[in-house]
Each structure stands twice: as C-alpha cells, then as structure tokens.
Amino acid sequence: MSHDAHEHDHSPVTNRDEPPIAARVRALEELLVEKGVITRENVRARIDWLVSRTPADGARLVARAWVDEDFKGRLLADARVAALELGLDPGEAPQVIALENTENVHHMVVCTLCSCYPKALLGPPPDWYKSLPYRSRAVSDPRGVLREFGLTLDDDVEVRVVDSTADIRYLVVPRRPLRTNSLDEETLAALVTRDSMIGVSQPLTPA
Amino acid sequence: MSFAHGEKVRIAPRPHEGHHRTPAYLKGKAGTIERVHDRFLNPETHAYGKDGRPEQRLYLVGFALHDVWPGYGGPRDDRLFADVFEHWLEPES
Amino acid sequence: MHDRGGWPTDAPIDRAEHELADWEMLMDSIVGTLGARGVMNVDELRRGIESMGPADYEAASYYERWLFATEKILAEKGVLSPGELDEQVAR
C-alpha cells in the first residue's frame, strides 16, 4: 500500500472524491481530540503502523522455517516469540499460532464471527476474507472455496479449517515448493504469498 | 471444570442472548480437545463495561466436518477447529 | 446476523480487493487508539456491530459497521452526546 503521493492530512475539509462517511469519521476524530479522549498523534502513529504492515513479514517467518528446522520448531511452538526473534512485530494479539501444512494436511483460516486476522504479520485482511460468503462457506465447504481459489486437493489430504473465534491469531506455514533447494532465503520469501499464509492457495513456484 | 488434550467434549447447546464467541453452528456438536490455551478475559462481560475477570480458559477444539454438517460431501478425515471458552464445554463420555 | 458459519449461500467469493481509503485507515486507527487508551475495547466494538439490524449489517461496508458501533458505544459511555457528532459534521 503506497502513501507516498500525499500527506495524511486529517483536517476537517471534506475531499469531494470521498463518500459522505469520510467527513463523519474525520469529524469523529476532531471531536474526540477536542474532548481529550485521544490525541492526533496517537491516531497518526497508529496509521503509520497500519501502513507499515505487509505480508513480507509473515513470508520471512515462513522462509526461515523452510531453511532452518530448529527455527521451524520454535515457530510452531510460539509464533509470537519466533517473530520477535527475527526482529518482526507480532502485534497486539496475545498469542499467534503457526499451523504447518504437510503432504497430508492442509490448513485454512477464517473468522466466521467477524474478521480476526494476524494483520501485524500479514497486513490488513483482503476484502474477501471479511466477506459474508467466505465466512459462511469456509467452514461448511472448504474444498469448494479452495477450488474457487484455484486449488484442488487430493482426497487423501486432510483439510483443517480453523475458525479464529477468540484471542488467538493463526498463520499458515505453507509447504515449501519443489525444486527450490538452490534458492536463498530472500528468494524463498518472495514465493510466499499472503493467500498461502491464510491457506486458500499454495505459494508461488520458482520461475 | 477443566479439560485435557485428547478429551472428548460437547459444545453446550445453550442459547445466549448478547455478545459471545461460540458460533451457532458448533453449539451441541461433539469434538476433541486439540490444544489447551491460556486464560483470557471473558468477552461476554468485557463487552458490557465489566473488566472481563475472572479470565476463562480457552481451548482449541477439533471436530470432524462430517459431524458438524450432516450433508458434508468431503473426505471423512476433513476437520474443523475453533477456539472455545471453558464454560461452553461439557464432558462427553 | 454476524454469526455466519455455514449460512447457505450461492454467492461466489468476490476476490476483487480495494486499497483502504484514508477514511477507513482513520476509522481503524481511531478504534485502535480508543482501545489502547482504555476507552472502548474490541469486545465492545464487536457487541456494537452485532447490535446492527440484519438489513443494515448486510448493507454496510466493513468500516461503516465500525463507525456505527463506535458511535453507539461512545454514546452509551457518555463520551458522545446525542446529536453532537452530527453538529460537528455540520461545522
């Protein structure tokens, strides 16, 4: 997400390209700042943090796990601590759990009740993750959803849908693609897509 | 009461007015404790201006998709997991 | 209405994505800041969203729901007075 083109100017002037709700949200900020409930600096800092969140962080965790079995063990034991080990920000979730896909098991994550998502490590969730059809069908027809995303799994692969209903955030560690033994960690990380860490598709394969 | 990994449980088939994090589609369903998590603030009170204490134990519970959905068309080994608070679990013999 | 697991639907999953608008980032940050400052927690936000009528819930966009819930909870807590935000918008 690029915000190089303009400053985040939170003045109350309504930009005519924005929907009416934009003015209401800006007015809400002004009012809360006036009342001393929040400060503009708090809000700016939070926006800066949100903008800084991308799936590249999650991809680094996965790539390191692919090349380092010991790290993978630590990642599967506690993904928050493993993220901190790599100098990454695991965010405010009290716990993050990494779920390993194998030859026999494929994980997929959803939040049927709202939109819980490991956004510190993956960036903001895509619209489809928050959509009513995904939230309805991921738990009742996971293989159908995966087919829509272009992924068909054999019947002997166990699909595990994880409904993220409480305080824990889940991240999928997808399978390392074949023919990647000669690739370095950075190149491997570039193969790890956001969608593969949600579990709706596989990572990219090398060119 | 508390539960251990591997124990069979049933999600309480209780109706509940107001905010809670036990999905309707799992109420009354039988599953197995997959993980024992930490304790967390109780969202059912925390959502209404209370402090959410005492904290409640959270569990990752696993279900066979065939048990959750009678018409499920996928393989028998397909599973679903959800985080459920202790006070929504009943022992299943 | 918010409890969607297994709801029957023929709707395909629309995979089009949109970059968050400035107002959406702002809404997200206001909520995050209110949480960090102990004014409104995430369970209260969710409760607020869940109190939307079914038609309103389905018609609203994601961050429209957040605004609805935030206004409701802050009004409940007396942080916002009735009509105060409307007045602020009009200023």
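This is a predicted model: local features need pLDDT of at least 70, side-chain atom pairs count only at pLDDT 80 or more; totals for chains, interfaces and linings use all residues.
In strand E2 of chain B, Thr32(B) is the bridge partner of Lys8(B). Strand E1 (residues 8–11) of chain B and strand E2 (residues 30–40) of chain B run antiparallel, joined by three bridges.

Now widen the view to the whole sheet. E1(B) and E2(B) belong to an open sheet of seven strands. The order is E2(A)-E3(A)-E4(B)-E3(B)-E2(B)-E1(B)-E5(B), and the pairing is mixed. Which strands stand at the edges? They are strand E2 (105–110) of chain A and strand E5 (89–91) of chain B. Each has a single partner strand, so one side of each is left without a neighbour in the sheet. Direction ignored, neighbouring strands are turned by 35° against each other on average. A helix also packs on this sheet: H8(A) touches E2 and E3 of chain A together with E4 of chain B. The direction of H8(A) makes about 150° with that of E2(A).

Follow the strand order and the sheet passes from chain A to chain B between E3(A) and E4(B). How do these two strands pair, in the parallel or the antiparallel sense? E3(A) and strand E4 (residues 79–85) of chain B pair in the parallel sense, over four bridges. Among the residues involved, Val162(A) has Phe81(B) in E4(B) as its bridge partner.

The contact between these chains takes 17 residues from chain A and 17 residues from chain B. On the side of chain A that touches chain B, two elements give two or more residues: helix H8 (132–140) and strand E3 (158–163) of chain A. E3(A) gives the largest share, six residues. By class, this side of chain A has seven nonpolar, four polar and six charged residues. So much for the join with chain B.

Chain A has another pair of strands to look at. Strand E1 (residues 95–100) of chain A and strand E4 of chain A run parallel, joined by six bridges. Leu99(A) has Val172(A) in E4(A) as its bridge partner. Is strand E4 (residues 168–173) of chain A mostly covered or uncovered? It is mostly covered: six of its six residues are buried. In a regular strand the side chains alternate between the two faces of the sheet. In E4(A), Ile168(A), Tyr170(A) and Val172(A) point one way. Arg169(A), Leu171(A) and Val173(A) point the other way. All of these residues are buried.

Next comes chain C. Its secondary structure comes to five helices and zero strands. Along the sequence the pattern is α-α-α-α-α. The C-alpha atoms of chain C fill a box of roughly 45 × 25 × 25 Å, taken along the principal axes. Of its 91 residues, 38% count as buried. Among contacts in chain C between residues at least 6 apart in sequence, 52% join residues at least 24 apart.

Two helices show how chain C packs within itself. Helix H2 (residues 42–50) of chain C and helix H4 (residues 62–76) of chain C meet at an angle of about 105°, with their axes 8 Å apart. That angle makes H2(C) roughly perpendicular to H4(C). From H2(C), Glu44(C), Leu45(C), Gly48(C) and Ile49(C) take part. They meet residues of H4(C) including Trp66(C), Phe68(C) and Ile73(C). The residues of this contact divide into six nonpolar, two polar and three charged.

Chain C also touches chain A. Here 38 residues of chain C are in contact with 43 residues of chain A. H1, H4 and H5 of chain C each supply at least two residues of the side of chain C that touches chain A. H1(C) gives the largest share, eleven residues. By class, this side of chain C has 17 nonpolar, nine polar and twelve charged residues.

A helix of chain A brings the two chains together in one view. Helix H1 (residues 20–34) of chain A has 15 residues and reaches 21 Å from its first C-alpha to its last, close to the 21 Å expected at 1.5 Å a residue. Its buried residues include Val25(A), Leu28(A), Leu31(A) and Leu32(A), along with the charged-class names Arg24(A), Arg26(A) and Glu29(A). What do the buried residues of H1(A) pack against? They pack against helix H2 (40–52) of chain A together with helix H1 (22–36), H4 and helix H5 (84–90) of chain C. H1(A) is followed by Gly36(A), whose phi is positive, near 75°.

Key:
Residues are numbered from 1 along each chain as its sequence is written. Chains are lettered from A and ligands numbered from 1 in the order in which they are written. Two residues are in contact if their C-beta atoms, placed from the backbone, lie within 7 Å. Two strands pair if DSSP finds at least two bridges between them. Axes are lines fitted to C-alpha atoms, for helices over the stretch in contact, and angles run from 0 to 180 degrees between N-to-C directions. Angles under 35 degrees count as roughly parallel, over 145 as roughly antiparallel, 65 to 115 as roughly perpendicular and the rest as oblique. A residue is buried if 20 or more other C-beta atoms lie within 10 Å of its own, exposed if 12 or fewer, and partly exposed in between; C-beta atoms are placed from the backbone. The expected span of a helix is 1.5 Å times one less than its number of residues.
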